[in-house]
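Visitor: I have a two-chain model on my screen and would like a guided walk through it. Could you take my questions one at a time?

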Amino acid sequence: MIILQPRKHVSLRLTIAVPVLSVLVTLALGGVIFALLGYNPLQALYEFFIAPLARPDQIGNLFVKACPLIIIGTGLIFCYRANVWNIGAEGQLILGAMGAGWVALSFPEAESRFLILAMAVMAMVGGALWGLIPAILKIRFKTNEILVSLMLTYIAALLVDWVVRGPWRDPMAFGFPLTRTYPDAGLISRMPLPGIGYLGQLHWGVLVAFVVALAGWFYLSRMLGGFQIKLMGDAPRAGKFAGFHQGWVTIMVMMISGALAGLAGMIEVSANIGMLQPHISFGYGFTAIIVAFLARLNPMAAIAAGLVVALAELGGDAAQISMNIPKVVTGIFKGILLFMLLAGETLTRYQIIWIGRSQASTTTAKTKG
Amino acid sequence: MTIKTPNHSPAQSKLSSPLLAGFGITKRFGDLVANQNIDFAIQPGELHAIVGENGAGKSTFIKMVYGLLQPDEGHLEWQGKRVIISNPLQARAMGIGMVFQHFSLFESLTVVENIALALPPDFPKQDLSVLIARKSAEYGIPLHPESVIADLSVGQRQRVEIVRCLLQEPTLLIMDEPTSVLTPQETDQLFDVLHQLAKQGCAVLFISHKLDEVKHLTSRATILRGGVKVAEVETAKTSTRQLAELMVGAKVQGITADKKRKKGRCLYEVRQLSRPAFGPFDVPLKKISLKVHAGEILGIAGIAGNGQSELMSALSGEWRPDQDAMIFTEDTDISRLGPTGRRALDLAFVPEERNGHAAVPSMTLSENALLTGYDEDGVVAKGVIQFDQTLAMARRISKMFDVRQPSDDPLASSLSGGNLQKFVVGREIIKSPKVLIVSQPTWGVDIAAAQFIRNAMADLARQGSAVIMISQDLEEIFEISHSIAVLNEGKLSDVLETSKVTAEHIGLLMGESHDRVSGQTHQNPKRKISQERGAS
């Protein structure tokens with residue numbers, strides 16, 4: 001029998017050594033897999049970990065990739081802390097992108113800076129409303145929010161597919177399922193860094209991601225609202241006794257995470273695509289679930305977790321392009337990396353205790369010296 | 001006197017070699033010495049009690065016997081041979097069974113499924129149902145193997161745990177506070193089973209702080225205080241009062257509640273309150289009416305499961321009627337107010353369950369202080385929690401209510417039950433509320449802590465507050481309350497003055513239409529004590 005026992009004391013050395021070890025084990029295992037499949041393991045590992053960071057502009061792109069993951073991950077942390085399992089951030093992201101797109105396409109001649117603000121607000125409203133549906137169904141009919149939010153994701157995907165092929169399609173797009181391009185005022189521009197200038201595609205949305213993570217951390221750890229959320233997650237009866245309403249907390253966290261996913265969708269489109277199309281997300285809403293847990297449900301840690309997951313994503317793309325490694329193989333490798341990090345994280349906090357079967361059936365009569 | 005045997009070697013006291021003996025057992029947790037140089041022995045077939053306050057080291061000691069902890073010094077002997085019990089599996093294989101205070105059963109599974117899960121891998125599981133039925137019938141605690149746990153009462157669930165132990169033919173059965181969850185008649189049934197087991201040669205180690213039960217059931221008792229064994233006594237030759245003195249280390253003082261107080265103005269009133277049953281285990285409340293006045297402690301007696309938790313949720317506002325004019329504080333109708341609104345009117349509540357209801361085990365004491373203190377002045381400013389305030393609040397509670405804690409602001413889960421209870425009661429009393437409503441204030445709490453809590457409630461009443469105390473402990477009710485009402489099957493009796501009522505009368509009210517109970521009242525030692533008190 002195996003028992004996981006919380007460590008009484010976690011040393012600093014362990015905290016540093018374990019993630020390093022996790023990466024090393026991943027490298028070794030990944031190398032073996034690549035070699036068995038007939039790829040040069042060293043080159044593959046280089047493509048995965050070094051190539052995406054080799055040039056300064058690529059570092060900028062890493063942050064761009066991490067941006068939606070950090071924002072959505074922060075929102076999901078709110079839900080998971082409250083013991084509400086929102087799996088539908090992907091759908092909330094799409095609805096947010098649609099909300100922002102509706103504003104941008106309604107004012108094609110707009111030049112005001114308020115356009116982008118209005119888009120952000122509508123994106124958050126769209127995402128929040130999409131998140132509200134499973135919350136209300138859960139409270140009213142005790143439906144399972146995991147299933148409902150997940151199914152709503154597919155509805156959202158079909159919805160955006162329909163609008164870009166139907167009502168919102170650009171008549172000048174030669175029949176392609178695309179909307180008109182947003183006006184310039186509805187786009188997010190690249191962010192110059194002081195002393196460095198532009199760094200790859202690094203845009204202002206990345207700054208928003210940092211602010212969101214910080215604000216989320218402050219709310220959860222310092223504010224009464226955050227205390228309510230944790231209380232409802234840890235001990236709902238005590239929360240009720242304190243005078244809080246479980247239903248309101250469920251609505252609040254679903255709307256917050258929906259709003260943030262929507263915001264991420266708006267940033268993704270405005271910064272990188274500039275129009276709506278059938279596919280606007282690369283599964284960020286699902287990948288962010290990993291980010292939330294990798295961050296141990298701490299929004300501050302979501303920044304680091306988002307960057308790690310983004311690196312794995314970019315590395316996977318790079319390996320596919322330069323070495324023709326199939327997508328499934330890069331997927332396996334990403335899986336190994338995340339598994340090792342999560343396992344390492346668990347083992348930092350817990351120790352494994354083996355209780356052998358032989359020990360159980362025989363009485364060990366030892367004399368103490 | 002038999003009491004003075006602190007360093008008595010257990011091996012000398014009996015002719016045959018003991019079933020289990022401990023020699024100089026010491027266990028430390030950091031600076032805290034939980035067990036210090038404890039000698040202990042239990043004979044085959046003996047009913048032996050380990051008595052002590054919370055924090056006296058009872059749990060630490062039995063955890064070492066059951067292999068959950070290892071002693072730092074000293075050793076155990078099993079049937080005369082030196083052993084190291086390294087884990088519970090080994091303890092079970094040796095013939096040690098244990099029934100924990102809190103059961104570990106899967107509610108959605110049946111009795112036989114739960115037992116099958118808990119048995120060792122090599123235990124033959126064919127005909128397990130038949131075996132369970134036979135074993136339970138043998139001890140007069142019939143169990144239907146196919147019953148789902150969720151449908152069973154607490155007493156029946158405990159039987160499942162007991163039968164699970166019995167299937168492994170133990171020679172030593174450890175029962176950790178087994179009666180704290182039982183009704184009086186279930187307790188009697190449990191004692192019959194334990195007597196029968198002892199007759200068949202199985203030793204029973206009975207951990208309790210209910211001295212009348214210890215006296216009633218066991219023949220010998222080992223008394224721990226502050227981690228040290230202070231005495232080993234023959235319970236037949238020792239009075240309950242002597243046991244209590246040994247356990248607490250000082251004369252137990254009864255509270256001299258000021259029973260002849262003047263009646264103040266009415267501070268809390270319930271008028272014709274009914275509540276339907278929402279689930280299969282709910283007890284509907286039927287037209288409950290009560291009044292409590294300034295300076296008065298109203299005790300609500302009754303056997304567990306007669307609507308206590310339903311009444312508490314209505315009094316605290318966690319459940320609210322959909323009609324007005326049912327609950328008042330002074331002249332304010334608070335029927336529709338939730339806990340926050342009622343707290344704002346200077347009412348305070350302590351529900352029965354400490355873990356996960358009155359307090360959150362996974363949070364710190366300061367966060368637990370915030371739980372009912374967030375609407376106090378200066379604790380939350382513009383939505384931001386002032387942690388220096390909550391910490392100060394927690395420290396103040398701990399200091400005033402003698403909450404012993406391992407560090408400055410520990411997790412609630414690191415406190416013993418008695419200390420956490422002092423904290424959750426203290427958290428409310430420290431606010432000097434106009435009305436304090438508590439449920440089972442001393443449930444599972446050692447004598448000293450219980451006395452402390454009762455004193456604090458009596459003081460609060462003396463200062464002009466009103467207290468409603470829902471309790472199963474008749475003794476406690478007679479000790480401090482000025483008036484008594486009995487909750488029975490969701491109905492509340494008239495409010496009676498404590499000085500004019502006998503325990504017998506209360507017992508009859510509690511037992512009304514509970515035929516089995518009223519037939520057994522004479523067997524319950526606790527009630528006898530209460531009767532003496534009530535008469536004096």
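**A walk through the model**

Visitor: Which residues of α3(A) and α10(A) meet?
Guide: Happy to start there, with a predicted model in view. From α3(A) come Cys67(A), Pro68(A), Ile71(A), Ile72(A), Thr74(A), Gly75(A), Leu76(A), Phe78(A) and Cys79(A); two residues are in contact if their C-beta atoms, placed from the backbone, lie within 7 Å. Their partners in α10(A) are Val253(A), Met254(A), Ile256(A), Ser257(A), Leu260(A), Ala261(A), Leu263(A), Ala264(A), Ile267(A) and Glu268(A).

Visitor: How do the numbering and the confidence limits work here?
Guide: Residues count from 1 along each chain as its sequence is written, chains are lettered from A, and ligands are numbered from 1 in the order in which they are written. In this predicted model, local features need pLDDT of at least 70 and side-chain atom pairs count only at pLDDT 80 or more, while totals for chains, interfaces and linings use all residues.

Visitor: Are α3(A) and α10(A) roughly parallel or antiparallel?
Guide: The axes of α3 (residues 56–81) and α10 (residues 246–273) of chain A come within 7 Å and cross at roughly 175 degrees. Axes are lines fitted to C-alpha atoms, for helices over the stretch in contact, and angles run from 0 to 180 degrees between N-to-C directions. Under 35 degrees counts as roughly parallel, over 145 as roughly antiparallel, 65 to 115 as roughly perpendicular and the rest as oblique. Therefore α3(A) and α10(A) are roughly antiparallel.

Visitor: How many residues of the contact of α3(A) with α10(A) are nonpolar?
Guide: Ala, Val, Leu, Ile, Met, Phe, Trp, Tyr, Cys and Pro count as nonpolar, Asp, Glu, Lys and Arg as charged, and the others, Gly among them, as polar. In this helix contact, three residues are polar and one is charged, and the nonpolar ones number 15.

Visitor: What separates the centres of domain 1 and domain 2 of chain A?
Guide: Domain 1 of chain A is 1–39 + 327–369 and domain 2 is 64–324, with bounds from an automatic or database domain assignment. Ten residues from domain 1 of chain A and nine from domain 2 make the contact. Taken over C-alpha atoms, the separation of their centres is 33 Å.

Visitor: Which helix supplies the largest share of the side of chain B that touches chain A?
Guide: 35 residues of chain B are in contact with 25 residues of chain A. Elements that each supply at least two residues of this side of chain B include β5 (81–83), α2 (88–94) and α11 (365–373); helices (H or I, at least four residues) and strands (E, at least two) are DSSP runs, numbered from the N terminus. By class, this side has 19 nonpolar, twelve polar and four charged residues. The largest share, four residues, comes from α2(B).

Visitor: Are α3(B) and α4(B) roughly parallel or perpendicular?
Guide: The contact joins Val111(B), Val112(B), Ile115(B) and Ala116(B) of α3(B) to Leu128(B), Ser129(B) and Ile132(B) of α4(B). Their axes come within 10 Å and cross at roughly 100 degrees. That makes the two helices roughly perpendicular.

Visitor: Where in chain B is confidence lowest?
Guide: Chain B averages a pLDDT of 83, pLDDT being the predictor's confidence in each residue, from 0 to 100. Confidence is highest in strand β16 (residues 347–350) of chain B, at 96. The lowest, at a mean of 36, is in helix α17 (residues 515–520) of chain B.
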